[in-house]
Number of protein chains: 2
Amino acid sequence: MRREQARDRILRATVDTLAQQGYAGTTARAIALRGGFAPGVIYYHYTDLDDLFRQTMRFVSDGRMDRYREQVVGVTSAVELLERLRVLHDEDVASGHISAVQELIAGGSEPVTDQIRTEVRRWQDLAEEVIGALVAQTPFAPFIPVRQAAEAVIAFYLGLEMLQQIDVDPSRTDTFFASAQQAAVFFDTFRT
Amino acid sequence: MRREQARDRILRATVDTLAQQGYAGTTARAIALRGGFAPGVIYYHYTDLDDLFRQTMRFVSDGRMDRYREQVVGVTSAVELLERLRVLHDEDVASGHISAVQELIAGGSEPVTDQIRTEVRRWQDLAEEVIGALVAQTPFAPFIPVRQAAEAVIAFYLGLEMLQQIDVDPSRTDTFFASAQQAAVFFDTFRT
């Protein structure tokens, strides 16, 4: 249990350091300073920084996926789904998770990138499950390629969060969700 | 003219260095080494690295925008538009431009981020122009919020290229364009 707690503390410090100082600034020393522990603690729990970054990617993805699953699986109304996604999206941006993941995408070496690929696929699976259940209730089901739609949604979501992060247009997300809501209301009228 | 050529050479070396060595590895020394000139040359043409990075963002964006404009403005068929976008998209990924921009998004300081915001808006304007012209020919025109659609397209495109870059699924882009093509064929039947 103490082992688990120590790892959790290291992972959280790594997320914060990536988000605040960027990939290149995320040395063992910088993580340790932020987390308030000795740099040696990191190497006690992780082989090297690549191992730590892989576990950080997994940690962020697992944590957010539990939260998304709990909120979106089983939701049968597009309007309801969209409202919940809006809250989850804002949490993602505010928490610094998106910045940390972006740093790992941009800077990570091959083992880290490999972990990112695995996680992206898991998110595509979740999106596929949710979209599949949603369209199954409508007459369009046979015409919608659910897997491709899921992949497109993940790409869009990633791009949206990246732009949100550099704050290209603070009202973008609001107007996007407002338009999407109109579409969702329309979509819901087809539910059988 | 020699001034222009020297700047062009520095900008190209900066793009390559960002794509190959990441934001943190893109020092004046690394850029100079890659471009085959003395580091002092950079400071003769640019105030500092932030100034260089801003101009690099502008350079990449201008170059690609000229190419996109030439290919997509005035195209009235969705199928034709999609075929052209496919070629342009592959060029973006292959050239290393996307990697360079991603490094600047993830690592750039405020003046650089500010330039990125300006460029993103210019791309949204282009997308708005193209989408507006496309839907104007159809009976859906009054129901499509063109600006929001343009913003969504840019977010999606950015996310798609980022995922493409870490090669999450090399066939993703193929299957995406194949599905989109079916939708485009359908869309084109509504042109009046």
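The structure is a predicted model, in which local features need pLDDT of at least 70 and side-chain atom pairs count only at pLDDT 80 or more, while totals for chains, interfaces and linings use all residues. Residues are numbered from 1 along each chain as its sequence is written, chains are lettered from A and ligands numbered from 1 in the order in which they are written, and side-chain values use heavy atoms, with hydrogens and water left out.

**Chain A as a whole**

- The secondary structure of chain A consists of nine helices and zero strands, where helices (H or I, at least four residues) and strands (E, at least two) are DSSP runs numbered from the N terminus.
- The C-alpha trace of chain A spans about 60 × 35 × 30 Å along its principal axes, and 47% of its 192 residues count as buried, a term that means under 20% relative accessible area, with exposed meaning over 50% and partly exposed in between (1.4 Å probe, protein chains only).
- Among the contacts in chain A between residues at least 6 apart in sequence, 68% join residues at least 24 apart, contact meaning heavy atoms within 4.5 Å.
- A:L160 lies in helix α8 (residues 146-165) of chain A and is buried, because its relative accessible area is 2%.

**The interface of chains A and B**

- In the interface, 31 residues of chain B are in contact with 31 residues of chain A.
- The two chains, B and A, bury about 2,700 Å² between them, 65% of it on carbon and sulfur atoms; buried area is the accessible area (1.4 Å probe) that two parts lose on being put together, summed over both.
- On the side of chain B that touches chain A, α6 (97-107), α7, α8 (146-165) and α9 (172-188) of chain B each supply at least two residues, and the largest share, 11 residues, comes from α8(B).

**Aromatic rings**

- Over all chains there are six aromatic pairs; rings of Phe, Tyr and Trp (its six-membered ring) pair if their centres lie within 6.5 Å, and planes under 30 degrees apart count as stacked, over 60 as edge-to-face and the rest as tilted.
- One of these pairs is B:Y23 with B:F53, which is tilted, at 5.3 Å centre to centre and 45° between the planes, and which links helix α1 (residues 2-25) of chain B to helix α4 (residues 49-72) of chain B, the two residues being 30 residues apart.
- B:Y23 counts as partly exposed because its relative accessible area is 23%, whereas B:F53 is buried because its relative accessible area is 2%.
- B:Y68 and B:W123 form an edge-to-face pair, 5.1 Å centre to centre and 90° between the planes; B:Y68 lies in helix α4 of chain B and B:W123 in helix α7 (residues 110-136) of chain B, so the pair ties together parts 55 residues apart in sequence.
- Both B:Y68 and B:W123 are buried.

**A buried acidic residue, B:D92**

- B:D92 lies in helix α5 (residues 78-95) of chain B and is buried, because its relative accessible area is 5%.
- Leaving aside neighbours within four places in sequence, B:D92 is in contact with B:R64, B:Y68, B:H97, B:I98, B:Y157 and B:E161.
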